[in-house]
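Good morning, colleagues. Please take a moment with the structure now on the screen, after which I shall go through it region by region.

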There are 2 protein chains.
Amino acid sequence: MKNLFAKRVMNTQKSFIREILKVTQNPDIISFAGGLPNPCAFPVAEITRLADKVLKEGGSEILQYTTTEGYYPLREFIARRYTERWGIEVLPEEILITNGSQQGLDLLGKVFLDSGDKVAIERPGYLGAIQAFSLYEPEFIQIPLEYDGIDINAFEKVLKNDNIKLCYCIPNFQNPSGVTYSLKKRIAMSFAIRNTNTVLIEDDAYGELRFSGADLPPIKALNNENSILLGSFSKIISPGLRVGWIYAEKEVIEKLVIAKQASDLHSNYLAQRIIYSYLEENDINQHIERIKQVYGRQRDLMVKLLEQYLPEEITFTKPEGGMFLWLTLPKELPVLEVFNRAMEERVAFVPGMPFYTDNKGDNTVRLNFSNSNEEKIEEGIKRLTKVLRTIMPKRRTK
Amino acid sequence: MKNLFAKRVMNTQKSFIREILKVTQNPDIISFAGGLPNPCAFPVAEITRLADKVLKEGGSEILQYTTTEGYYPLREFIARRYTERWGIEVLPEEILITNGSQQGLDLLGKVFLDSGDKVAIERPGYLGAIQAFSLYEPEFIQIPLEYDGIDINAFEKVLKNDNIKLCYCIPNFQNPSGVTYSLKKRIAMSFAIRNTNTVLIEDDAYGELRFSGADLPPIKALNNENSILLGSFSKIISPGLRVGWIYAEKEVIEKLVIAKQASDLHSNYLAQRIIYSYLEENDINQHIERIKQVYGRQRDLMVKLLEQYLPEEITFTKPEGGMFLWLTLPKELPVLEVFNRAMEERVAFVPGMPFYTDNKGDNTVRLNFSNSNEEKIEEGIKRLTKVLRTIMPKRRTK
C-alpha cells in the first residue's frame, strides 16, 4: 500500500532520536539522550492508593465513556492554579484536557493549519512540535534563539513580513536548549503579537521546574489576545498517564473539542480521576519542591563537570530549570563524529540536527540531566568530555 | 481568532448527537440515543484489583513514558487471538495500540488521505468515521447498505469508476443500522478489493458481541491484501480506558507509528497494563458470554416490543449482535417531528441524518439497546411507539 500514503507522510522517516534511544537501551551505555523525567518524580505509592480509591468509589462510571472536554473538577483545578500563580482569571471552560501536551500540538495543528501556512518556531526548536505540525504541511520559519529568549528583532520582522499563522515557543527552560525567556522579551512578544493574524502557542511543559531565579509569567498572562498556553502533568506527576491541557479562549476550545472528538473521543478517564484525586489530597507544591531539589542537584553537577572538563571552545547553556542543557561545538567539529566516538566510550546524547528544520545544527548537542543520577552524570560527563578533549585540537587550560 | 481556523474545521458544527446526549442526561428521559455499552459489561472489581497489582509490581515504570507502538505482550495477545479465532498468522509487529478505534480512524486518515481523496462508506455510515476522515478533507461516496451488507454491485462500480482511496465498513452489527454482512458479500468484497488502489478499512468494534447466528470471518482474514482491521476493548472490557488497535501490514504500521508519535507519543500505559493483566488472568470468552446474554435479552425484548406496537409501515432491522437497531419510517413522516414529540413523552433516540454525508435519511432512527435495562426498554419503547402510532395515519392491525 506504500504508493497510497498521503503526501504528508510520504517522506517522513523514522525518527533519528527514536533510533538513538533504541541503541541506548543497552544498560552499559550512560545516556543523556532521552527526554525522560526521573522516576523519583513519580508519586508511585500515592498513585497506587488513589487508583484503588477512585475505582472503588467511582465503580463502573470510571470505566464508561466520558466527555471530550475532560473531567470538570480537573479543569477547575487547572484554571484555579493559573489564577493563584499569575492572578489571571481563567474559566474551566477555557481548559481542554489532552493526552499530554503532544496531543495539544496535534489538535492545534488540526484546527489552525492549512497546507502551506507558515509556522514560526525557535531555532533550535522542539522536535515534537516540528513533528506534530509537519503533518499539516506548513512552511517552517525558524527564529534564532538567544541566551535570554527568541531574537526579538527577527521575531518582529517575521511577524511583519511573513504571514505567520502559528508561532510556537517554550519560554521556560526550552527544549532542546534549556534557555529561559527574560521578562523583557516576554513583554516584547506579548506586544508584538497583538493585532496580528498570528496565534502564539506557548508550551509550558517544564515551567514548574525552576531551580534558580524567579518564576516569570507566561506570555498569555501578559496578553490574552491571540495566545494559547499548553500545560502538562507529565513532568510533575507522570508522563505515562498522558494528561496535559490546552488553555485557550472558549471559541478555540469549541473547535478543539470537535477535533479531539474526531481524534479519540476523550482522554483516558481513570488517569484524569487519579490525577485529580492526587491534586486534591496532596500538596503538589511540596511534591514539585522535591523534584526541583533532585533536578537542581543534577544540573549543578553537570554544569560543574562541564566547566571543569570541557574544552573552552565549547560553549553551553546553564539552564535555570527543566531537563536539558545545550552544547555548541566549534564549526569544524562535526557532531556525528563526536557521537560515534562517544558511543564507543558508552555515553550517548542527541546530536542537534533534528531541532533544525533545515537540518543544520551539526555542531550542537542536547544533554538531558533529569534522567541520570549523580553517579551516572559524573561518569558520563567524564567520558563525554574525554572524547571531546581527544578530538579537539586545543585543550582547556583550566 | 475565529478567522484563523483551518479550512478543515471552518464549517464544522457542534455534533447534533452530542447536543441530544446533553438533553437526555435528564434522568426522567429514557434514552435510546447514546452509544454506550452497559456498565454491567465492565469487570469493575477485577480492574480495581489489577490496577493495584500492576502499579505495585511495575512501580515507576508504569508511570514513565513508553513505546509508541504499545505494550508488546498486549500486541502479542491481540495477534494470537486473531490466530485462534480465524486461523490467520498475525505478528505482534502488525498491531498498533491506539486510544480506542476512534484514534485508529484518525491515524488512518492522517496517513492515507490527501485533501480531495475519495472515501467510500456505507449509507448510512458510522458518524465517528465520517467525523475523523472529514478533517482530512476527502470527498465521501456513500454506498447503499442492504439487509445483508453493502450493495455489492454499487461497491464494484464505485471501485471501478471512482478512484477510491479508502473504503470504510463495519461488517459486524454495523453502527448505526445493526446490519451484518453475509459471508457471500464478505467474499465478494475481498475479491473486489484485490489489485485496486483502494484500502479497505474494516472496523470490528462490535464483532465479539454476537447473540445469534454463527461468527463470520473478517474480510481481512479472507484477503490480506489492501486490507486493514480495527479492533477495540471498549465494548468488551471498558471504553473509558481508551484501548483499541489497528491490525495492518508492517509497512503501514511504520507510518502509523510516526503519525501516532506526532499525535500523542503513546497511549496511556497504565490502561494497557491493566487490560493485559485482565486478559492474562481471566477468561475473556466467559466475560464476553455474560455480556452477550444481557445484550441478547435486551435486543430480544426491544425487537418483540417493536413487532408488537410499531405501525406496520415502519420497518426495522433485527441485529444479530452489537448495540443498535434501525428504523425506517415512511417518507412522509419527518423524523425531527417524531423526535420532538418523543421528547415530550420523555423518550429519546438519534435521528438518522448525521449518518448520511448528504444530510438525507430524515426518515430513519437509530435505537441503542445495550445501555438500557429491560424495564426501561419496555417503558421507553411503549412511549416511542405510542408517539409513532399517534402520528401515523394507519395503525398496525396485529
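In what order do the four strands of the open sheet in chain A lie? The order is 10-11-14-13, and the pairing is antiparallel. Strands, like helices, are DSSP runs numbered from the N terminus, with at least two residues (E) for a strand and at least four (H or I) for a helix; two strands pair if DSSP finds at least two bridges between them. In general, strands of a sheet pair through backbone hydrogen bonds, either parallel or antiparallel.

Before I continue, two remarks on the source. This is a predicted model, in which local features need pLDDT of at least 70 and side-chain atom pairs count only at pLDDT 80 or more, while totals for chains, interfaces and linings use all residues. Residues are numbered from 1 along each chain as its sequence is written, and chains are lettered from A and ligands numbered from 1 in the order in which they are written.

To return to the sheet of chain A, with its order 10-11-14-13: its edges are strand 10 (315-316) and strand 13 (350-351), each of which pairs on one side only. Strand 13 of chain A joins strand 14 (residues 364-368) of chain A through two bridges, in the antiparallel sense. Within strand 14 of chain A, A:V365 is the residue opposite A:P351.

I turn to the domains. An automatic or database domain assignment sets the bounds, and chain A divides into domain 1 (2-42 + 286-391) and domain 2 (44-281). Taken over C-alpha atoms, the centres of these two domains of chain A are 24 Å apart. Residues are in contact if their C-beta atoms, placed from the backbone, lie within 7 Å; 29 residues of domain 1 of chain A meet 29 residues of domain 2 of chain A. On the domain 1 side, helix 13 (284-309), strand 11 (324-328) and strand 14 of chain A each supply at least two residues. Helix 13 of chain A has the largest share, six residues.

Finally, B:E61 lies in helix 4 (residues 60-63) of chain B. Its C-alpha atom is separated by 35 Å from that of B:L135, 74 residues apart along the chain.

Key: Contact = placed C-beta atoms within 7 Å.
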